[in-house]
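Here is a report on a two-chain structure. Look at the picture before you read on.

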Amino acid sequence: MATSPEIVSGEYKYGFHDDVDYLEETKAGLTRETVEAISRFKDEPQWMLDFRLRAYEHYLSRPMPQWGGDLMQIDLSKIVYYRKPSQGEEKSWDDVPDKIKKTFERLGIPEAERKFLAGVGAQYDSEVVYHSVREELSKIGVVFMGTDQGLKEYPELFRKYFATVVPPEDNKFAALNSAVWSGGSFVYVPKGVEVPLPLQAYFRINAENTGQFERTLIIVDEGAKVHYIEGCTAPIYTTDALHAAVVEVIALPHSKVRYTTIQNWSNDVYNLVTKRAHAHAYSTVEWIDANTGSKLTMKYPSIYLRGEGATAEVISVAVAGKGQHQDTGAKAIHLAPNTRSRIISKSISKDGGRTTYRGQLKVVPGATGVVASVRCDALLLDEGSRSDTYPYIDIQEDDTTMTHEATVGKISQDQVFYLMSRGLTENEATNLVVQGFLEVFTKELPMEYAIEFNRLVKLEMEGSLG
Amino acid sequence: MTDIAQGAPAAAPKGNAASAAPAAARQGPLDLTLSFVDGAAVRGTAGAAADPDWLLADRLEGLRAFEALPIETNQLYTTYIDLRNAHLAAARPYAGPAAVSPGAGAAKLLPEGAAAYAEIRENQIAALVLSAEARDAGLILETLAQTQTRDPELLRKLVEGGCALPENDKLAQMTRALWSGGLLIHVPDGVRLERPIVLRWSVGAPDTALLTRTIISLGEDAEVSVVEEQVSADASAPISTDAQAFFAGTTEAVIGAGSTLSFAGLQDFSLRQIAFQHRSTVLARGATVRWALAQLGCRVVRSRIDNRLEGDGSTVEQAEIVFGSADQLFDLTSYTRQVGRDTTGNLLSKAVLADRSRAYMKGLATIEHSAHGTDSFLGEFAMLLSKQARSVAIPSLEIDQPDCRRVAHASSVGPIDETQLFYLESRGLDPDEARKAIVLGYLEPVVARVPLESAQDRLRELLEAKWDARTVARPAAAAVA
């Protein structure tokens, strides 16, 4: 078994399973020296160091966002921005909260995987799977590796596209990520290649560990097709306070990209992610995005429709339970004629949780023949839960067809009553109604993910996750 | 370009050269160029009106808020405000409250079918007349100056304890500080007037500023409808003048239990007018407010409506239409706060935008935790008639109580429907007639809500005239800027 000895356990999990030998960790807090040290540890080219420093300067000058969720609890000075994977503190299975253990059990996660997910065990056998997948992929020219490795092995391709979709100046947390990024996936699909199986970052990340400031760059060349999946239904247990990722997708003409996320961070994580795609002519970009975990998520997957005839679709689901705030949404920016977008958002608030839909739909002058729709539905399951909807619809072209609808409501007692009269318990009935509400999302998932996701939602509904 | 209009008109007083000059250089979207808002102006206004001390204090409180507040306090909307076409540095407020013209009470001034009539021409009350029937029923329609003389305690109660202008709104607080005239409508308990009260504002002399409040108080189980027409006084003013006129007006309505207020507002000021409107209501148990608002005129109009549904079973029905042309900007915000149980909010905005006109439709419905059994709908729709027109819709919801009947919003934007056009053309209408029929039909549901038939007809005429003017003016549209 190719269990790599240096990846043992760690409070922080930046590692990627390559041969770069990191010697140190940075001190807590972020200074110019920290940024320089990270770049030095990684032996990066000068341009990347310059980029990180530019981002760092911008990060300093940018105020904290005053909108969305409450970010005041994040103590950015206490974070260790880079640490060698093997130097994490040893933790024991006993330290893992009962709630997480119980969830693993209920989801039927294998023993070895549980420990990995909890950050207390070594990786498990998925590495074998990953390597065989990687071999298959490389035969057809598909690149699928860690982002740091991508920078080293494909310097020109990397530099051509990196930060072209999300510049460091985009927002404070994109600037932070740009300054200290580490880990994430680098994907390149060559012209005309259709990747037959979803690329599952889960396998790759199992082998190489995930990161707090991961950076993913996906380039899909002309006529190519790929489905990328990140995350998994099991809660990722981490003591990291902050997860600030950046994902950039470039869909070149006539390509098709689907990016599926099922993210279930444990409930103390601030998940502040910038995800954006450029859709060139006649390409299709789809974000399929579920957010069930974290304390606060602020994430608005965006698609800039830059080429004529491009298509965008965002289907997102947010579930907020006790103490959680899911501030999520989507953006479609129509910059070219005859582009289409469809946004569907479903959210569920329960046990005092709060969901916010925040979206933008923009059609610029000259983008004629645009067809766009936005649909947001929210379910509030109990007293004290809350749901907000803030859609921005800015149309500057008369030849646009745009519709937007939103509803907020509670579970239909009629439906529950009907199901109970057919012999279901109240819990089962409620569950079924919720699953029906989310079906537009789950039907887009690969089967095994859909099954796990339904199971997860069921557990959430039963309140058995605490 | 539009910004050059700021070039200081001859009338600009010297004392304000400092504030006018930078505005001429480059005026940003958030720049409020008004130069007369200060403590001296507030004291001057209070002095001219012989205000009691409490009223001066209230004005100074408004000034403090004005000075402290940003132009837009709601972060949701900070990127959607644009005052670049409001060049107000030379505007001067009228000194003292409007004087009532001799003969203003003549019965012959009362329009047919109206219960009462007030006409304000610039700073002059040209008509103030009640039908005998309305007077006998106990209706009060008077200037706020008259209220102060007749019943100072009532005025104090209405100003200090009424529905209050929004505390977080800089422009509303400016009106609170500097209003120099206004009207009171009071309908006593149990009085239901069948005929509407008509208010007519005809203002717009260059470089003037009129700040005014309209206070409406409905007792319990009362009912009244109000038609407010806002038109340009001065159709004869040379169109070549760059000097703008400024109007800031409020409607502040306290609606008692079981009462109904129907309010139709018809804004057709000239394109040299800049207007800020604030309309606020507080609704008691079982009360209803029906807004039917048409926005046709002004270079820039910024309107804000606050509905506060405090009483159980209270209802707001709000319908607003916009017909824009040239480079008009309609900046419309509405806040509906549902507090009581079983309240209903039904809010609809429809815009038709030609030329380079723009509409920002910002609606926020807040369902508070106490608001069980809410029914709330918010719809914002736009029809774009030109490539340069722009529509922004931000229909937002904040829901803190899951026990609701319905909470939804909807929005759509599109050009004239080709199928409808084809159908009408196939019936023999020429393309322009067909387009006109579709546009007017699109706005008709709101027109039909105006309570007075003659006002309905007038609104239809105005819409038609605007359509025709748009069609004719189209090739020469650039000349308007």
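In what sense do β9(B) and strand β11 (residues 260–268) of chain B pair, and over how many bridges? They pair in the parallel sense, over nine bridges. This is a predicted model, where local features need pLDDT of at least 70, side-chain atom pairs count only at pLDDT 80 or more, and totals for chains, interfaces and linings use all residues. Residues are numbered from 1 along each chain as its sequence is written, while chains are lettered from A and ligands numbered from 1 in the order in which they are written.

**Strands in chain B**

Some terms come up throughout. Helices (H or I, at least four residues) and strands (E, at least two) are DSSP runs, numbered from the N terminus. Two strands pair if DSSP finds at least two bridges between them. A residue is buried if 20 or more other C-beta atoms lie within 10 Å of its own, exposed if 12 or fewer, and partly exposed in between; the C-beta atoms are placed from the backbone.

Start with strand β9 (residues 223–232) of chain B. Nine of its ten residues are buried, and the strand is mostly covered. Now turn to strand β14 (residues 300–309) of chain B. Ten of its ten residues are buried, so β14(B) is largely enclosed by the rest of the structure. Both faces are covered. One side holds B:Val300, B:Arg302, B:Arg304, B:Asp306 and B:Arg308. The other holds B:Val301, B:Ser303, B:Ile305, B:Asn307 and B:Leu309. β14(B) pairs with strand β12 (residues 273–283) of chain B and with strand β16 (residues 329–338) of chain B.

| Strands | Bridges | One facing pair |
|---|---|---|
| β9(B) and β11(B) | nine bridges | B:Val224 and B:Leu261 |
| β12(B) and β14(B) | ten bridges | B:Leu283 and B:Leu309 |
| β14(B) and β16(B) | ten bridges | B:Arg302 and B:Asp331 |

**Two helices in chain A**

Two packed helices are described by the angle between their axes and the distance between the axes. Take helix α1 (residues 32–41) and helix α2 (residues 46–61) of chain A. Their axes come within 10 Å and cross at roughly 155°. That makes α1(A) roughly antiparallel to α2(A). The axes are lines fitted to C-alpha atoms, for helices over the stretch in contact, and angles run from 0 to 180 degrees between N-to-C directions. Angles under 35 degrees count as roughly parallel, over 145 as roughly antiparallel, 65 to 115 as roughly perpendicular and the rest as oblique.

Which residues meet here? From α1(A) come A:Arg32, A:Val35, A:Glu36 and A:Ser39. From α2(A) come A:Met48, A:Leu49, A:Arg52, A:Leu53 and A:Tyr56. Two residues are in contact if their C-beta atoms, placed from the backbone, lie within 7 Å. By class, this contact has five nonpolar, one polar and three charged residues. Ala, Val, Leu, Ile, Met, Phe, Trp, Tyr, Cys and Pro count as nonpolar, Asp, Glu, Lys and Arg as charged, and the others, Gly among them, as polar.

**Where the chains touch**

The contact takes 31 residues from chain B and 33 residues from chain A. In chain B, β20 (390–399) and β21 (404–414) each supply at least two residues of the side that touches chain A. That side of chain B divides into 17 nonpolar, eight polar and six charged residues. A:Ile395 stands opposite B:Ser391 in β20(B).

**A helix residue and a buried helix**

B:Ala41 lies in helix α2 (residues 39–48) of chain B. With 18 other C-beta atoms within 10 Å, B:Ala41 is partly exposed. B:Ala41 touches B:Phe36 and B:Leu178, not counting residues up to four places away in sequence. B:Leu178 is one of the buried residues of α7(B). Eight of the nine residues of helix α7 (residues 170–178) of chain B are buried, so the helix is largely enclosed by the rest of the structure.

**Two positive phi values**

Most residues other than glycine have a negative phi. A:Asp351 has a positive phi near 50°. A:Asp351 is found in the loop between β16 (340–349) and β17 (354–363) of chain A. B:Glu122 also has a positive phi, near 50°. B:Glu122 sits in the loop between β3 (116–121) and β4 (124–130) of chain B.
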